[in-house]
Amino acid sequence: MAAAASMVASSSFTFPSQGLRLPTRSHPCMKAQRRILRKDASNVIAATYELKPPPYPLNALEPHMSQETLEYHWGKHHRTYVKNLNKQVLGTDLEGLSLEDIISVTYNRGDILPAFNSAAQAWNHDFFWESMRPGGGGKPSGDLLDLIKRDFGSFERFTEEFKSAAATQFGSGWAWLAYKANRLGVENAVNPWSSENDKKLVIVKSPNAVNPLVWDYFPLLTIDVWEHAYYIDFQNRRADYISVFMEKLVSWETVNARLEKAKARAAEREMEEERRKKEEEWKPTDGDEDDEGLEMYVDSDDDSEAE
Amino acid sequence: MAILSLATRKTLTLGLNSTRLTQSCALRTFSLPELPYDYGALEPAISGEIMQLHHQKHHQTYISNYNKALEQLHEAIQKGDSSTVAKLQSAIKFNGGGHINHSIFWQNLAPIREGGGEPPKGSLGWAIDTNFGSLESLIQKINAEGAALQGSGWVWLGLDKELKQLVIETTANQDPLVTKGAHLVPLLGIDVWEHAYYLQYKNVRPDYLKNIWKVINWKYANGVYEKESA
């Protein structure tokens with residue numbers, strides 16, 4: 001998952017209204033750029049987000065998830081989110097931001113702005129397609145399995161809890177496995193985990209378009225439980241859909257790769273935090289630059305706050 | 001301990017069935033109300049396949065879960081287990097709301113040969129013209145609200161009993177209309193959960209909204225309106 005969208009100037013688009021056309025059955029190796037800059041007739045550069053194809057052909061998840069489902073889910077729903085996102089972003093302050101930044105801004109600490117639904121759903125669906133693969137399912141291994149055992153007791157307990165979260169997300173939404181390595185004081189309206197046990201795996205569910213990015217978690221795996229995700233193949237039987245997803249579709253390789261990134265980011269943040277703390281310690285308190293810091297360790301009659 | 005006589009009552013419209021003897025008071029459970037028409041009778045506006053799944057699976061599941069939650073609530077109340085009482089509230093709202101809303105919905109629909117789609121006459125028709133200018137204008141507004149609703153929910157034509165005025169409202173998930181205002185009475189509700197239209201209309205919710213008016217039962221809505229505005 002590209003963290004930041006890269007920009008590619010393209011001069012091959014003489015008809016900007018057509019956009020970039022992607023074949024519906026794309027080869028897994030074809031990686032389309034997330035964002036392209038293109039010039040329209042009035043020579044203004046407009047940044048757009050594009051619909052990235054799943055990393056497998058639309059029939060590759062059969063019989064567990066039908067081609068028909070992919071054709072509608074990716075070809076219509078996901079495509080519409082991207083289209084609406086572009087419409088809502090064009091000519092606003094959001095233009096030019098990465099998708100994740102748009103999500104963060106428009107989440108607006110829970111007081112959701114209109115573009116959030118489109119942006120988050122565009123992101124969520126990219127993440128969802130990549131969470132699955134043909135011949136998926138089975139069990140994870142290595143570090144990921146160790147962490148799952150550590151934080152859930154066993155892989156079976158994890159599976160139970162994940163399936164339960166997916167089944168009990170009422171209405172539309174998503175269930176997630178995420179890596180939580182929070183800084184305290186994250187500025188968002190809803191943080192479901194108020195106890196601060198840092199650096200662990202968590203299962204969370206979210207309504208509609210909300211995703212764990214807004215809580216500053218690092219998502220590792222998701223299942224879409226909007227009805228459109230399973231209605232063609234399973235009708236009302238969401239539980240069956242969830243079971244098939246776990247047994248036959250989950251790409252543990254992808255989850256593993258994401259976990260590595262999550263740990264790396266957590267380590268980076270820790271170092272950041274350390275560095276910042278050290279800077280605070282040595283910062284002059286009265287604007288007096290020399291040896292001010294040393295006074296902290298010396299008894300004085302001064303009542304001023306030593307920081 | 002008081003001994004209650006077991007009385008079994010069956011009513012068709014609300015689906016209340018037998019009372020059950022418990023320690024100190026009876027718990028009413030609910031059952032699936034029968035549809036006043038065949039599953040296929042609303043075609044081509046709404047397919048028989050959808051009607052059957054919607055009624056026999058979705059609505060039934062809400063009722064089953066509602067009954068379960070009520071039983072658990074009943075027990076928790078008797079034990080004085082406030083924590084459980086509080087915890088059950090969302091299950092009751094989801095599933096009880098689902099039962100309420102769908103019970104209204106089945107009556108909001110009628111086959112064309114039984115008056116489905118016929119514009120409202122009587123005082124409701126007049127009120128619509130007064131409040132919205134015309135039936136077309138009302139339908140346009142309801143459809144716009146229904147199409148714009150994110151995720152799952154309902155779009156309603158309601159009567160505000162206090163203000164004596166018709167209102168268009170949306171509710172999320174299975175929240176009943178009354179959660180938007182204690183004086184609101186539902187006249188007409190349109191389910192915009194994906195299960196209500198997906199097999200037939202897929203992602204094109206606006207087409208579902210356009211077509212459902214062919215089978216809307218204005219007679220029922222008018223009846224409620226006249227009763228509540230009396």
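Guide: Let us begin with the annotation. UniProt positions are given in the numbering used here, and annotations may be inferred rather than shown by experiment. The model itself is predicted. For chain B, the unreviewed UniProt entry carries "domain: Manganese/iron superoxide dismutase N-terminal" over residues 29-110.

Visitor: How many residues of chain A and chain B are in contact?

Guide: With contact taken as heavy atoms within 4.5 Å, 16 residues of chain A touch 17 residues of chain B. Between them the two chains bury about 1,700 Å², of which 60% is on carbon and sulfur atoms. On the chain A side, Phe170(A), Glu227(A) and Tyr231(A) lose the most area to chain B, together 40% of what that side buries.

Visitor: Which side chains form the salt bridge between chain A and chain B?

Guide: A salt bridge requires a side-chain nitrogen of Lys or Arg within 4 Å of a carboxyl oxygen of Asp or Glu. The count here is one: Glu68(A) meets Lys202(B), at 3.9 Å from N to O. Six residue pairs, both at pLDDT 80 or more, are in polar contact between the chains.

Visitor: Which elements of chain A give two or more residues to the side that touches chain B?

Guide: They are α1 (67-89) and α6 (231-234) of chain A. The largest share, four residues, comes from α1(A). By residue class, this side of chain A divides into five nonpolar, eight polar and three charged residues.

Conventions: Residues are numbered from 1 along each chain as its sequence is written. Chains are lettered from A and ligands numbered from 1 in the order in which they are written. This is a predicted model: local features need pLDDT of at least 70, side-chain atom pairs count only at pLDDT 80 or more; totals for chains, interfaces and linings use all residues. Side-chain values use heavy atoms; hydrogens and water are left out. Buried area is the accessible area (1.4 Å probe) that two parts lose on being put together, summed over both. A polar contact is a pair of N or O atoms within 3.5 Å; within protein, one must be able to donate a hydrogen and the other to accept it, and residues adjacent in sequence count only if both atoms are side-chain atoms. Ala, Val, Leu, Ile, Met, Phe, Trp, Tyr, Cys and Pro count as nonpolar, Asp, Glu, Lys and Arg as charged, and the others, Gly among them, as polar.
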